Amino acid sequence: MKFIVPFRKVRWLALIFILPALLMRSADSFHPPSFREIAVTVDDLPGVKTGGDEAADAVRVSRKIVRVLKKHGIPAVGFVNAARAFPDDADAARRILKIWTDAGMELGNHTAEHSSLHQVSVEEFKTDIREGLRLLKEKMDSKAQPVRYFRHPCLHTGRTLEIRGEIDGLLGGLGLTVAPVTFDNGEWIYAAAYHKAIMAKDRKAKSMIADSYLDYMEQKLVYFENQSLKLLGREMPQIMLIHANKLNADHLDDLLGMLEQRGYGFVSLATVLKDDAFELPDTYTGRGGISCLHRWAWSRGVDPKSFFAGEPEVPSEILKLAGVESE
Ligand SMILES: [Zn+2]
C-alpha cells in the first residue's frame with residue numbers, strides 16, 4: 001500500500017517542523033512589527049569637525065555609519081557641507097561621498113561652509129547655498145541620485161518671514177526642497193563629550209556617555225511622539241537628525257535597535273514629507289533651530305510654556321564633559 005500524505009497534511013507537517021526552526025533562527029534578530037515610521041538624516045558630511053581633523057577618521061566614521069544603515073535597510077539622506085576639506089588628504093571628501101552613494105544613500109545640500117542664516121547676510125547665505133550645490137555636484141559620483149533636498153545649518157531658517165521667503169525662492173529655483181526635522185535633539189553635545197573622552201583615552205567616560213545617549217534619545221523621541229499626539233491628534237512619521245561623528249560610528253546600531261523596539265520602520269525622507277502635517281503654517285522666526293512640531297505649535301499660537309513643557313534635556317554631567325553651556 002502506497003503511503004500518500006494529502007497536500008493539506010503536508011502543509012500542516014511543514015508548519016509543525018519548519019515554523020519552529022524559522023522562529024529559532026530569527027529569535028536573535030526579532031523585532032516587534034513596525035507601526036510607526038521614521039526617516040533618518042545624517043548632517044555635516046563628509047564629517048563633523050573635531051579638532052584632530054584627520055581624513056582617515058572621517059572615512060572610518062562614514063564607513064561604519066553606512067554599514068549600519070545598510071544593515072537596517074535604511075534609505076538615509078546625508079547632508080553635505082561641500083567646501084569641507086581635509087588638510088591631510090585632498091581627495092578624502094570625494095571618497096567619503098562615494099561610500100554613501102555606492103550604498104544607495106541620497107545626498108543633500110547643507111551649504112558649502114555651514115553658515116547660519118542668523119549670523120550672515122542674506123546675500124552671503126545665498127552664495128553659500130549656490131556654492132554648496134555646485135561643489136556637491138562636482139564632488140559626488142556622476143551615477144548618484146540628483147540632489148533634491150536642502151537643510152538649513154543649525155535649522156536656522158531666518159529671523160523674518162521676508163528673509164525666509166527670499167531663501168525659499170532661491171531653493172525652489174534650484175530645485176531643492178527644505179528637509180525639516182521633527183525629532184530634533186542634543187546628539188551633537190553627546191558627540192562632543194564622546195570625542196573628548198576618546199582623546200583622553202577615558203573608557204569609563206566613553207561607556208557612560210554612550211549609555212546616557214541611548215536613554216536620552218529614547219526619552220526625547222517619546223517626548224516628540226507625545227507632542228505630535230497633542231498637536232495633531234496622531235503620531236506623525238518622524239524625521240530624525242543625527243550627525244556623521246564617532247559617537248554614531250560606534251553606537252548607531254544600538255540607537256536604531258531602540259527605534260525598532262519602539263515599533264519604527266524606516267522610510268525615505270520623501271515618504272515622510274508626503275504627510276499632511278507639512279502643509280501646516282510655519283511662521284516661526286525665533287532664534288532657535290527647533291523641531292517643526294514646535295514650529296507648527298508656535299504658529300498656531302499655542303502657549304509655548306505649557307506645550308513645550310517636559311522636554312528632556314542633556315544631563316549636566318554630559319554638558320560639562322562636552323564643554324557646552326546648554327542645549
Ligand atoms: Zn549641520
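Q: Which elements do the buried residues of H6 pack against?
A: This is a predicted model, and in it the buried residues of H6 pack against helix H7 (203–232), strand E6 (238–243), helix H8 (246–261) and helix H12 (316–322).

Q: And which residues of H6 are the buried ones?
A: Glu-187, Trp-188, Ile-189, Tyr-190, Ala-191, Ala-192, Ala-193, Tyr-194, His-195 and Ala-197. That's 10 of the 13 residues of H6, so the helix is largely enclosed by the rest of the structure.

Q: What span should H6 have, going by its residues?
A: H6 covers residues 187–199, and at 1.5 Å a residue its 13 residues should span 18 Å. The end C-alpha atoms are 18 Å apart, which agrees.

Q: What does the backbone do just after H6?
A: Lys-201 takes a positive phi there, about 50°.

Q: OK, switching to H4 and H5. At what angle do their axes cross?
A: Roughly 25°, and the axes come within 11 Å. That's for H4 at residues 122–139 and H5 at residues 161–173. Angles under 35 degrees count as roughly parallel, and H4 and H5 are therefore roughly parallel to each other.

Q: Is that crossing left-handed or right-handed?
A: The crossing of H4 and H5 is right-handed.

Q: Which residues meet there?
A: From H4 you have Val-122, Phe-125, Lys-126 and Ile-129, and they meet Ile-163, Glu-166, Ile-167, Leu-170 and Leu-171 in H5.

Q: How many of those are nonpolar, polar or charged?
A: The contact of H4 with H5 has seven nonpolar residues, two charged and no polar ones.

Methods
Residues are numbered from 1 along each chain as its sequence is written. This is a predicted model: local features need pLDDT of at least 70, side-chain atom pairs count only at pLDDT 80 or more; totals for chains, interfaces and linings use all residues. Helices (H or I, at least four residues) and strands (E, at least two) are DSSP runs, numbered from the N terminus. The expected span of a helix is 1.5 Å times one less than its number of residues. A residue is buried if 20 or more other C-beta atoms lie within 10 Å of its own, exposed if 12 or fewer, and partly exposed in between; C-beta atoms are placed from the backbone. Two residues are in contact if their C-beta atoms, placed from the backbone, lie within 7 Å. Axes are lines fitted to C-alpha atoms, for helices over the stretch in contact, and angles run from 0 to 180 degrees between N-to-C directions. Angles under 35 degrees count as roughly parallel, over 145 as roughly antiparallel, 65 to 115 as roughly perpendicular and the rest as oblique. A crossing is left-handed if the near helix is turned anticlockwise from the far one by less than a right angle, and right-handed if clockwise. Ala, Val, Leu, Ile, Met, Phe, Trp, Tyr, Cys and Pro count as nonpolar, Asp, Glu, Lys and Arg as charged, and the others, Gly among them, as polar.
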